[in-house]
Protein chains: 2
Amino acid sequence: MCLFCYSEDAISEEVVQCLRLSSFDSMQWSDEELLALLYFMFSDLGLLEAFKLDLVTLRNFLFQVYKNYNEVPFHNFRHCFCVAQMMYAMCVKADLPKRVGELEVLILLVSSICHDLDHPGYNNIYQINARTELALRYNDISPLENHHCSIAFRILELEESNIFKHMTSEEFKLVREGIIRCILATDMARHNEILAQFRDAVLQGFDYYNKSHINL
Amino acid sequence: MCLFCYSEDAISEEVVQCLRLSSFDSMQWSDEELLALLYFMFSDLGLLEAFKLDLVTLRNFLFQVYKNYNEVPFHNFRHCFCVAQMMYAMCVKADLPKRVGELEVLILLVSSICHDLDHPGYNNIYQINARTELALRYNDISPLENHHCSIAFRILELEESNIFKHMTSEEFKLVREGIIRCILATDMARHNEILAQFRDAVLQGFDYYNKSHINL
């Protein structure tokens, strides 16, 4: 696949408006177009300037992500795109870059993109009951989510796809902690617990300056 | 090393009495003698009968454990023995097989024996800061303890060293959960949190029938 056939600059205003809606239909687009749209999200959210992301590294990163999704019925690259697009739409709608800062937005977008990397198509219950390699490696503790996250940082360890290479070590530490927290939170076994915490935060009055609220 | 040179039957009553003391000096014994003493602990605690452990499988298991400790200054096979011996002494002193049942005692003894398997000699802080393979694999979450535990169950996956092979799937599930809980609890970063819970349990009045107390 030629990643460079589709230019991010060619995205029309009409497409941008659609991309910001929760009703965006990803099925109309090819994989390479989806990659270009992902690239556009980084740009549109102001992340290229904020973190000195360069075009080639970001494209390499996204292409590595693409290659590391499997052709499984659901948890494939298109699912990754759908989740990232919904996150992007919410970031724009809620004006998150201004409210929580670009670092948190970067964490949310990268986590969405990476959250099911190398998914084998079978869930955690299967992994644990079948005593698979992943269950054995992760001691039955969110084996899939731990694996997705580990693959994400293996991609980021590659010099050519390390979009975080210009960060200070303190920034990198925060981003790494944030992405790990977000991806591990996608284990549906933890859904009710996290949702209850979020509801409590909303009932208290959601506070954009409260780190424990932001982390939800 | 010949594992069969030293017979468990030849352990004198005097040695047994020493083995039950917290002051037992492991430095007087060779590695093969320590292996025989570990074997004796299983026997003395009634675990051979309770779980139909056979001599050859238990010896194979212990030898695999021995082979999977590294020659590092501290977290080596002798350290494994020291921790297991202290656990054995406490089990005998507190009459734990009767108080908490053989399954819990099996979990405690196997966890002690396996708790530092394949330790590379550098701590978690080093692993995380140096972005080692283990930190990358385990997303900075107790990378060493997760690895020790994973190695333990890889040994137990081998038919010839699977001391749990005669268990029902329900028993195996409990043992696996217990060993994972115990080994992950050896991360010293969690020491204060767990110790505080234990102190609370003791202040409330330690209850041998309360699972949350037993799990401490």
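## Salt bridges and the chain interface

Asp44(B) has a relative accessible area of 29% and is partly exposed, a class lying between buried (under 20%) and exposed (over 50%), computed with a 1.4 Å probe on protein chains only. The model is predicted, so local features need pLDDT of at least 70 and side-chain atom pairs pLDDT 80 or more, whereas totals for chains, interfaces and linings use all residues. Residues are numbered from 1 along each chain as its sequence is written, chains are lettered from A in the order written, and side-chain values use heavy atoms, without hydrogens and water.

Asp44(B) forms a salt bridge with Arg20(B), a term for a side-chain nitrogen of Lys or Arg within 4 Å of a carboxyl oxygen of Asp or Glu. Asp44(B) lies in helix α2 of chain B and Arg20(B) in the loop between α1 and α2, so the pair ties together parts 24 residues apart in sequence; helices are DSSP runs (H or I) of at least four residues, numbered from the N terminus.

| Salt bridge | Closest N and O atoms |
|---|---|
| Asp44(B) and Arg20(B) | 2.7 Å |
| Asp31(A) and Arg78(A) | 3.2 Å |
| Asp31(B) and Arg78(B) | 3.2 Å |
| Glu157(B) and Arg131(A) | 3.3 Å |

Between chain A and chain B the count is 6 salt bridges. In contact (heavy atoms within 4.5 Å) are 19 residues of chain A and 19 residues of chain B. Arg131(A), Leu136(A) and Asn139(A) lose the most area to chain B on the side of chain A, where area is the accessible area (1.4 Å probe) lost on being put together, summed over both parts.

Technical notes:
Buried area is the accessible area (1.4 Å probe) that two parts lose on being put together, summed over both. Helices (H or I, at least four residues) and strands (E, at least two) are DSSP runs, numbered from the N terminus.
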